[in-house]
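Welcome, and please open your viewer.

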Amino acid sequence: MEYSVIVKGPNGPMKKAIQDRLTSISRIEEGSNNPLEIGIGVEARDLSILRNGQQQRTSSPCIFVRDVVTDIEDVFWSDGLFHSIIRDAISGKPIPVYPPEPRYWLPVQDVANAIRAMVVRNLFPCSDDPIQMAGRRPWKNGALHSEALHLWKRFRASTMGIHTPETLSEPPIHISTQPAVTERPDLSGLNDLMIACEEPNGWRPSGSLRLSIMRVLATLT
């Protein structure tokens with residue numbers, strides 16, 4: 001089935017990822033009769049996707065997204081911390097002092113996949129009950145640096161043909177099990193919505209953060 005969809009909002013990696021994911025099921029155009037309206041960073045009739053902390057001015061169905069990761073930094077959606085940590089790992093300088101609060105990093109591909117599932121099932125959040133979208137696992141910023149540093153060393157070894165047992169080993173997954181703050185994103189509404197969209201595991205982002213790190217590394221080198 002083909003859907004008629006208009007995607008509104010400022011251009012950037014976030015909007016492009018969602019548009020690209022919807023292309024397989026929709027015509028994204030302005031002239032269709034009664035098209036589905038989705039706003040990326042702006043409010044729209046059928047679904048508004050806003051960054052965490054952005055003020056909602058209408059009662060349209062709304063998702064607040066936080067800690068999204070794009071290959072090229074999207075300044076509208078990001079405070080720059082993720083890409084800054086990757087640059088620090090590349091630089092070889094001593095690890096800076098990062099904010100202690102963990103982040104719930106979410107690859108943009110998972111955002112796009114979730115929006116596609118909602119469009120296909122024509123199921124969206126209740127207009128009077130916005131939901132949150134973020135990764136499920138807390139990451140300490142120092143742990144992200146450790147992951148990025150290992151992957152950078154592996155990348156360099158591959159390009160120079162100088163692998164060692166260390167660079168060939170699998171890097172440890174440095175996930176924070178004890179968040180530095182008690183506030184966690186409430187993902188229950190999103191989980192229920194994904195189950196309603198016939199996602200059997202609910203909200204379980206399948207994108208690899210390690211792959212996201214590698215993609216960012218590729219854009220920075």
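Before the tour, a definition: an axis here is a line fitted to C-alpha atoms, for helices over the stretch in contact, and an angle runs from 0 to 180 degrees between N-to-C directions. Helices (H or I, at least four residues) and strands (E, at least two) are DSSP runs, numbered from the N terminus. What you see is a predicted model, where local features need pLDDT of at least 70, side-chain atom pairs count only at pLDDT 80 or more, and totals for chains, interfaces and linings use all residues. Residues are numbered from 1 along each chain as its sequence is written, and side-chain values use heavy atoms, leaving out hydrogens and water.

**Stop 1: the whole chain.** Show the protein chain as a cartoon and look for its 7 helices and 8 strands. Of its 221 residues, 46% count as buried (under 20% relative accessible area, with a 1.4 Å probe and protein chains only).

**Stop 2: helix 1 and helix 3.** Select residues 13-23 for helix 1 and residues 108-121 for helix 3; their axes come within 9 Å and cross at roughly 45°. Now show the side chains in contact (heavy atoms within 4.5 Å). Helix 1 brings Met14, Ala17, Ile18, Arg21 and Leu22, while helix 3 brings Val108, Val111, Ala112, Asn113, Ile115, Arg116 and Val119. Colour them by class and you get 9 nonpolar, 1 polar and 2 charged residues (Ala, Val, Leu, Ile, Met, Phe, Trp, Tyr, Cys and Pro are nonpolar, Asp, Glu, Lys and Arg charged, and the others, Gly among them, polar).

**Stop 3: helix 2.** Next, select residues 81-91. Which residues of helix 2 are buried? They are Leu81, Phe82, His83, Ile85, Ile86, Asp88 and Ala89. Step just past the end of helix 2 to find glycine 92, with a positive phi of about 80°.

Technical notes:
Buried means under 20% relative accessible area, exposed over 50%, partly exposed in between (1.4 Å probe, protein chains only).
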